[in-house]
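Student: I have a model open and want to learn how to read it. Can we go through it feature by feature?

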Amino acid sequence: MSQAEVHVKPLLDIRDLSVSFGTDGGRVRAVDGVSLYVNEGETLAIVGESGSGKSVTALSILGLIGDSGKIDTGQILFEGNDLAQLSTPALRKIRGDRIAMIFQEPMSSLNPVLTIGKQVAEPMWLHRNMAWDDAYERAGELLDRVSIPDAKHRLHEYPHHFSGGMRQRVMIAMALACEPQLIIADEPTTALDVTVQAQILSLLKNLTQELNSSLIIITHDLGVVARYADRVAVMYGGRIIETASARELYKNPSHPYTEGLIASVPSLDGNPGEPLKTIAGQPPDLANLPPGCTFAPRCQYARDECREGKPPIEVIRPGHERACLGYERIEEQVDERLRHE
Amino acid sequence: MSDCAMSEAAIKPVEENIASVRDLKVHFPITGGWLKKTVGWVPAVDGVSFDLKRGETFSLVGESGCGKSTTALAVLRMQPVTAGQIIFEGKDVTHYTPNEMRPIRRGMQMVYQDPFGSLNPRMKVGDIIGEPLVVHRLARDKGKYRERIRELMDLVGLLPDMADRYPHEFSGGQRQRIGIARALALDPSLIICDEPVSALDVSIQAQVVNLLMDLQRRLGLTYLFIAHDLSVVRHISHRVGVMYLGQLVETGTRDELFSHPKHPYTQALLDAVPVANPEIEAQRPHKLIVGEVPSVRNPPSGCPFHPRCPKAMPECKVTKPELLMQGASASVACHLYEPI
């Protein structure tokens with residue numbers, strides 16, 4: 001599903017997005033000049049560790065960054081609109097209808113005092129002008145589609161009657177209710193058990209494919225990325241540092257951070273007992289970012305110019321971009337290693 | 001089953017076991033009515049037996065509610081034991097009083113999951129690390145006390161000059177190092193690690209896993225490792241036990257269990273874990289099991305896994321399979337297997 005060579009207009013096109021938050025210690029920039037796109041029917045994974053800006057990027061799309069958050073610059077182009085410029089009522093029309101969101105903790109996203117049926121029916125009643133009874137009946141069908149056993153009878157139950165996995169299925173049913181063009185899932189399975197995690201992600205992937213919708217998965221789990229994503233954007237310190245198709249990224253990671261991240265994950269087919277490769281140092285503090293490349297303080301290849309300016313994004317192969325000034329140096333070292341071998 | 005497991009252990013050649021758990025049961029009371037009378041019991045751990053050999057890492061894996069953490073707390077005697085035996089360094093400590101446990105605890109320490117919740121925010125890091133020494137009255141000589149703290153910080157890769165700082169000044173990975181240094185303060189032989197890396201960022205997890213393996217080599221530590229992340233477990237363990245609804249369903253050496261998983265639940269668990277490689281992922285079958293872990297309050301009859309098991313037979317609904325040996329170093333509780 002490589003989309004690189006197909007010149008279609010992307011469904012979502014984010015250009016040079018910067019977002020900051022007001023804190024006690026002044027404004028902190030959480031997202032710094034992020035550009036990315038999602039094509040129709042594509043699954044994009046945004047990968048990063050805590051504080052990388054991956055969730056803020058996703059939340060900004062729907063204007064869900066709260067009162068302290070502000071989009072400083074940039075455009076979020078979706079179906080002819082710049083979402084960054086839309087008023088809250090206009091955004092509200094899009095949320096749940098054209099773009100739906102699934103959060104990490106389903107219990108805090110569901111209303112505890114409303115029945116499941118009412119909550120699943122609401123978006124269709126609201127956005128699609130469906131009669132309440134029709135919407136309610138359709139809610140039963142949707143719960144059935146996300147494989148909730150005995151769905152029709154469970155419409156009258158409340159969220160606390162459902163297990164974590166079942167609640168996340170309800171969230172998926174709600175997200176799919178209006179057949180949105182884009183679904184954003186922010187760490188959708190982090191709170192769930194391994195076997196349930198696999199069920200939920202497969203369900204989400206299959207249903208979005210049936211609707212030919214696009215999916216953005218925000219995650220820190222490189223295994224989830226490998227199993228479900230077509231394309232990957234890697235974030236670090238508020239910036240995208242590398243983008244490629246999933247296969248290309250794992251085969252030819254071209255940013256020292258991506259390379260280090262992939263190497264540091266123990267795998268089910270690696271050599272157990274040997275020391276894992278590590279990335280030295282600590283994740284960046286957004287309030288105290290270094291002036292140049294945000295990864296430079298932890299980067300073994302960093303040189304002086306890395307610490308001075310923000311590295312520009314360059315295309316290294318079709319569909320494969322990265323932001324790193326030390327790249328030539330890496331190539332040289334690889335050549336060196338090959339010569340020695 | 002307890003008698004059988006005990007006699008088996010007695011016959012086996014004496015491998016040096018640092019600790020043994022025999023038919024451990026931990027049942028929690030369910031209270032009801034306005035008198036809060038006990039109306040039932042939740043069998044959180046229901047007949048678990050295993051040995052910990054000196055210098056090895058034995059991991060307990062399983063999904064939430066399988067009883068792995070409760071088992072770990074019971075080994076430390078931080079959880080009342082309903083039935084069974086806990087043997088540590090040759091002594092049956094199951095019924096020791098808190099006073100009798102005090103000297104025993106020096107030998108067994110714990111590293112917790114959440115490095116943010118487990119450190120007192122008002123204490124200096126040096127005092128957090130040294131607190132066990134104070135509690136066990138080993139800190140009378142201030143000079144030696146401070147020297148020991150410096151030594152411990154150095155051991156876990158923290159700068160000893162940081163001893164006067166507070167926990168909030170440290171990142172997640174460094175806080176976990178503080179937790180490990182504190183656990184090492186009393187020179188224990190057994191460390192129980194309850195999900196020690198799952199709250200950490202990916203790039204930091206590897207640092208802590210390496211530290212734990214390095215400390216094991218240098219200090220000859222034994223680890224009881226509780227985790228749900230199978231790739232970390234495979235990396236760090238010598239032997240692994242898989243738990244489901246309060247019971248061990250399979251045990252084996254790392255290579256055996258990961259290369260030839262026997263129990264259908266172990267197989268499902270391994271299938272569910274995505275591998276961080278798209279090319280391998282594209283070729284994997286992704287056989288997903290249906291359903292979720294049932295409530296421990298109402299465990300299914302027979303084999304606890306039978307409602308979700310793709311290979312369930314009529315027998316599985318009725319009879320609970322016992323954990324039986326499969327060769328010298330593995331065991332499985334499943335009607336599909338005859339004891340070998």
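Tutor: Ground rules first. This is a predicted model, where local features need pLDDT of at least 70, side-chain atom pairs count only at pLDDT 80 or more, and totals for chains, interfaces and linings use all residues. Residues are numbered from 1 along each chain as its sequence is written, chains are lettered from A and ligands numbered from 1 in the order in which they are written, and side-chain values use heavy atoms, with hydrogens and water left out.

Student: How many residues of chain B are in contact with chain A?

Tutor: Contact means heavy atoms within 4.5 Å. Here 46 residues of chain B touch 44 residues of chain A.

Student: What area do chain B and chain A bury between them?

Tutor: The size of an interface is often given as the accessible area lost when the parts come together. Buried area is that loss, taken with a 1.4 Å probe and summed over both parts. Chain B and chain A bury about 3800 Å², with 58% of it on carbon and sulfur atoms. On the chain B side, V202(B), R234(B) and E292(B) lose the most area to chain A, together 16% of what that side buries.

Student: How many salt bridges are there between chain B and chain A?

Tutor: A salt bridge is a side-chain nitrogen of Lys or Arg within 4 Å of a carboxyl oxygen of Asp or Glu. The count between these chains is two. K251(A) forms a salt bridge with E279(B), the closest N and O atoms being 3.7 Å apart.

Student: Is R284(B) buried or exposed?

Tutor: R284(B) has 17%, so R284(B) is buried. Among its contacts, leaving aside neighbours within four places in sequence, are R227(A), L270(B) and D271(B). A polar atom of the R284(B) side chain lies 2.7 Å from the backbone oxygen of V273(B).

Student: Where is H255(A)?

Tutor: H255(A) sits in the loop between α10 (246-251) and α11 (256-264) of chain A. Helices are DSSP runs (H or I, at least four residues), numbered from the N terminus. At a relative accessible area of 1%, H255(A) is buried. The H255(A) side chain reaches the backbone oxygen of A323(A) at 3.2 Å. Leaving aside neighbours within four places in sequence, H255(A) is in contact with residues including I241(A), E242(A) and F295(A).

Note on methods: Helices (H or I, at least four residues) and strands (E, at least two) are DSSP runs, numbered from the N terminus. Buried means under 20% relative accessible area, exposed over 50%, partly exposed in between (1.4 Å probe, protein chains only). A polar contact is a pair of N or O atoms within 3.5 Å; within protein, one must be able to donate a hydrogen and the other to accept it, and residues adjacent in sequence count only if both atoms are side-chain atoms. Buried area is the accessible area (1.4 Å probe) that two parts lose on being put together, summed over both.
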